Structures are given as structure tokens and as C-alpha cells.
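Here's a quick briefing on a protein model, put together for someone just starting out. Have a look at the structure below, then read on for the highlights.

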Amino acid sequence: MPSSNTFKIITIDGGAAVGKSSTSKGLAERLELMHVDTGSHYRTLTCAILGSGADAEQSETVSKILEAIKLSTQIDGRTARLGINEVVPADSDLRSPEVNAQVSKFAAIPEVRKKLFAYQRSLADLAREQQYAGLIMEGRDIGSIIFPEAAYRFFLDADEATRAARRAKEGQTDSIAARDKMDRTRLAAPLVCPKGATLINTADHTLEEVIGKITHLIGS
Ligand code: C5P
């Protein structure tokens, strides 16, 4: 992997509850990066569409709702959050059982992904403008579709029991296996380990070890 002092783009992909967020936030702190959680982008659109009374099967209505949505960004410490028409939804709304159950259905709709593609890529420019040392973006298709050219791409994995225990500890109702299955088998931007990405099994390591390993691999 190239080592340089220039602006870095780091991608972190993987299924639900593999440790993407803790790892990405820890790396953002350590390396002074802007952090973006794209799962929250899909959750935000899911909340907005459900709030308008539509479901994932009503494709025409979903397209109309998407057209009316204006995306905005709010920077909160090191994290850039997505807002809709300047409003960033509360975390508790984004992680409700209903959103957990519906988000993968909406994320499989090509128009929903199209709404986010250019926005997500544009966050690298925002991070540069804001003078961060780089951007760390987590999700399902970041190293494969959003930033396939990024020099530092990682894919995190862990066995199902470890992941279920993590969610239970967070007190969340979340069918992670069902979401992963939907995310892996959809046609639009399926969850895959990007070609050339480094695979890390987080069940074998502490969070500090994973952060240390990635920091070492990117040469910082
Ligand atoms: O990361 P999180 O579990 O919050 O993601 C919620 C859902 O958003 C995923 O299960 C997936 O369906 C969708 N997602 C996606 N592409 C991304 C990030 C998340 O399809 N880059």
C-alpha cells in the first residue's frame, strides 16, 4: 500500500455489527480524518420515505419523494451527517426497529442508491476543504462502487454469534443475518469484499488491535 502524507481516502466495508463504526470513529480520531457512516444515509432516506407514508414496493411514489429531497451536510466533531432539507434526524429514529427492518429493502432500490452516489463522492472534497487529513467512509459498497480507486480499502468480518452479541449489548432489535442476506444478494451494489481490499476478522482482535493494524497498514 502506498504511504504518503497527502489526503487519504480509507474505505471500510462489511456486514452488520462487524465493528465498522467503532473502527472508523477510532481511526478518524487517531488520524484526524472526517468520518462518514453511509449506513446512516440509507437510514435517513428510509425514515423520510416511511414518514411520507410510502413503502419500498411503491416505486413511483418513492421516486417522487426522492426528487423532492434536498441533501445537506452537518459536521459534528469529526463526523459528517446527512440532513434532509437541512434537518438531521435523531439517532434514535435512524435506529428504530422499523428502520432496522426496512432499510435493506430501500437500499436495494437503484434510485435510492443513485440519489446518494454523487453526494457520497463529494464528501471527499468537503473533507479537503475542511482541512481534514483524509476521509474515512464506512458502508457496504464504499471500496467497490463509491471509491474503488481509494488506496486504502478494508473489509471487516466476524462470525454471526460475535455480531449478535454486539447488537444485544447495544440493546438493539436488529435481524442482522436477514439484512446481510438481502444486502449480499441484491442486484444493485451488493455487499462484497472489494477486489484488492484487506480482509480483517474482527472477532479475533480487540478494537484497539484492529485500529492499530489498519494504522500500520496505511503507514501512518
Ligand atoms: O451500516 P448500517 O447497518 O447502519 O446500514 C444499514 C443498511 O443500509 C444496510 O443493511 C444496507 O442495506 C444499507 N447500506 C447500503 N450501502 C451502504 C451502507 C449501508 O446498502 N454503503
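Arg-163 counts as buried because its relative accessibility is 7%, where buried means under 20% relative accessible area, exposed means over 50% and partly exposed is in between (1.4 Å probe, protein chains only). Keep in mind that this is a predicted model, where local features need pLDDT of at least 70, side-chain atom pairs count only at pLDDT 80 or more, and totals for chains, interfaces and linings use all residues. Residues are numbered from 1 along each chain as its sequence is written, and side-chain values use heavy atoms, with hydrogens and water left out.

**Arg-163**
- You'll find Arg-163 in helix 8, residues 160-169 (helices are DSSP runs of H or I, at least four residues, and strands are runs of E, at least two, numbered from the N terminus).
- The Arg-163 side chain gets to 2.8 Å from the backbone oxygen of Ala-16.
- Skipping neighbours within four places in sequence, the contacts of Arg-163 include Gly-15, Val-18, Asp-157 and Asp-180 (contact means heavy atoms within 4.5 Å).

- Arg-179 sits in helix 9, residues 176-185, and is buried, with a relative accessible area of 6%.
- Apart from neighbours within four places in sequence, Arg-179 is in contact with several residues, among them Ala-16, Arg-43, Arg-140 and Arg-167.
- A ligand oxygen is 2.8 Å from a side-chain N or O atom of Arg-179.
- For Arg-140, a side-chain N or O atom is 2.9 Å from a ligand oxygen, and Arg-186 also has a side-chain N or O atom 2.9 Å from an oxygen of the ligand.

**Lys-115**
- Lys-115 belongs to helix 6, residues 110-129, and is partly exposed, with a relative accessible area of 23%.
- Although Lys-115 and Ile-69 are 46 residues apart in sequence, their C-alpha atoms are 9.2 Å apart in space.
- Not counting residues up to four places away in sequence, Lys-115 touches Leu-45, Leu-66, Glu-67, Ile-69 and Leu-71.

Conventions
A polar contact is a pair of N or O atoms within 3.5 Å; within protein, one must be able to donate a hydrogen and the other to accept it, and residues adjacent in sequence count only if both atoms are side-chain atoms.
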